[in-house]
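Here is a short tour of a model for you to follow along with. Please have the sequence and the coordinates open as you read.

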Amino acid sequence: MAKQKSLEDLYYDTLKDIYFTERQILRALPKMARAAQSADLKAGFEKHKEETETHLERLQQVFEIAGKRAQGKTCEAIQGIIAEGEEIMEEFKGTAAVDAGLISAAQAVEHYEIARYGTLKTWAQNLGYKDAVALLDQTLLEEEATDKLLTKLAVSAANQKAARAA
C-alpha cells in the first residue's frame with residue numbers, strides 16, 4: 001500500500017516546483033531585457049533578475065529549515081508560460097507592441113509566483129516553520145511589487161505606444 005501523503009510532502013513538492021520556476025525565470029529574464037524596447041522595462045527586467053537570484057538563495061534556506069535538499073522539479077506550467085513569452089518576443093520583435101506583450105508575459109509569470117509563494121507561506125505557518133514564513137513572505141512582497149511595477153509600465157507607456165501604432 002502506498003504511503004499516506006501529508007501536507008509536509010505537498011509543501012516539499014511545491015518548494016521543488018518554485019525552485020525550478022525561479023531557475024527558469026533567471027534564464028528567461030536576460031532574453032526579455034534584450035527584447036524590451038523601453039529603457040524602463042529593460043531596467044525592470046534586469047532588477048528582477050537580481051531579485052530572482054536572492055529568491056533562489058532564500059529558497060535554499062527554506063529547504064534547509066524543512067531539513068530537505070534544495071532541488072527543482074520540472075514544472076510544465078512555468079515552461080508553458082515562458083514559452084508564450086518567447087513566442088511574443090519572436091512574433092512581435094521590433095514592433096510597437098513588443099513591450100506590451102513582454103509585460104503581459106512577465107505578469108503571467110508573476111501571478112504564478114504570487115500564487116505559489118502565498119500557498120507556501122500559509123503551509124509553512126501550518127507546519128510550524130516560522131523562519132520559513134518570514135523568508136517566503138519577503139519574496140511574496142517582492143513579487144507583488146514587481147507585478148505592480150509591470151502594471152505601472154503597461155498603463156503609463158507600453159499599452160498606449162502599442163495602441164497608437166495600430
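From the N terminus on, the chain's elements run α-α-α-α-α, which amounts to five helices and zero strands. Helices here are DSSP runs of H or I with at least four residues, strands are runs of E with at least two, and both are numbered from the N terminus. This is a predicted model, in which local features need pLDDT of at least 70 and side-chain atom pairs count only at pLDDT 80 or more, while totals for chains, interfaces and linings use all residues. Residues are numbered from 1 along each chain as its sequence is written, and side-chain values use heavy atoms, with hydrogens and water left out.

Some values for the chain as a whole:

| Property of the chain | Value |
|---|---|
| Span of the C-alpha trace along its principal axes | about 60 × 30 × 20 Å |
| Buried share of the 166 residues (buried: under 20% relative accessible area, 1.4 Å probe, protein chains only) | 43% |
| Share joining residues at least 24 apart, among contacts between residues at least 6 apart in sequence (contact: heavy atoms within 4.5 Å) | 81% |

Now to the charges. Counting Lys and Arg as positive and Asp and Glu as negative, with His and the chain ends not counted, the chain has 22 positive and 27 negative side chains. The centres of the two sets lie 2 Å apart, taking each charge at NZ of Lys, CZ of Arg, CG of Asp or CD of Glu.

Notes
Buried < 20%, exposed > 50% of the residue type's maximum accessible area, 1.4 Å probe, protein only.
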